Amino acid sequence: MAEEKKVFVTKEMLVGEVISRYPDAAFALMQCGMGCVSCPASQAESLAEASMVHGMNVDEVVDYVNEYLAFQAESGEEAKA
C-alpha cells in the first residue's frame, strides 16, 4: 500500500501565504531557484505564477516544498539558511 503524502502547499496558494504559514518554505523555495521570496511583488503571486515567471515546473516546485516541509515536520529540525 502506498504511503499517503501530506500536502502543505498547493500551486494556487500565494507565496506570501505559504511563507506566512510555513516559514521553512522560504528556504525550500530558494533552493528551487526562487530567490524572490522576500520581494513584495512575489507575496501576491501564486506559486504557479511565480514558477512561470522563473521558468520552473510548478508541479516540481510544489512537490519539492511539500517533501521538504514533511521532512522538517518528521524530524523536528529547523531549516538552515
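The mean positions of the 5 positive and 14 negative charges of the protein lie 3 Å apart, where Lys and Arg count as positive and Asp and Glu as negative, with His and the chain ends not counted, and where the place of a charge is taken as NZ of Lys, CZ of Arg, CG of Asp or CD of Glu. The model is a predicted one, in which local features need pLDDT of at least 70 and side-chain atom pairs count only at pLDDT 80 or more, while totals for chains, interfaces and linings use all residues. Residues are numbered from 1 along each chain as its sequence is written, and side-chain values use heavy atoms, with hydrogens and water left out.

Some of these charges pair up. With a salt bridge defined as a side-chain nitrogen of Lys or Arg within 4 Å of a carboxyl oxygen of Asp or Glu, the count comes to two.

| Salt bridge | N to O distance |
|---|---|
| Asp59 and Lys11 | 3.7 Å |
| Glu17 and Arg21 | 3.0 Å |

The bridge between Asp59 and Lys11, with its closest N and O atoms 3.7 Å apart, links distant parts of the chain, since Asp59 belongs to helix H4 (residues 58-75) and Lys11 to the segment before helix H1 (15-21), 48 residues apart. Glu17 and Arg21, by contrast, both lie in helix H1, four residues apart, or about one turn of the helix.

As to exposure (buried is under 20% relative accessible area, exposed over 50%, and partly exposed in between, with a 1.4 Å probe and protein chains only), Asp59 is partly exposed at 42%, and Lys11 is partly exposed at 34%.

The protein has four helices and zero strands, helices being DSSP runs of H or I of at least four residues and strands runs of E of at least two, numbered from the N terminus. Its radius of gyration, taken over C-alpha atoms, is 12 Å, close to the 12 Å that the globule rule gives for 81 residues, so the protein is as compact as a globular protein of that length; the rule is 2.2 Å times the number of residues to the power 0.38. The C-alpha atoms fill a box of roughly 40 × 25 × 20 Å along the principal axes.

Of the 81 residues, 37% count as buried. Among contacts (heavy atoms within 4.5 Å) between residues at least 6 apart in sequence, 65% join residues at least 24 apart.
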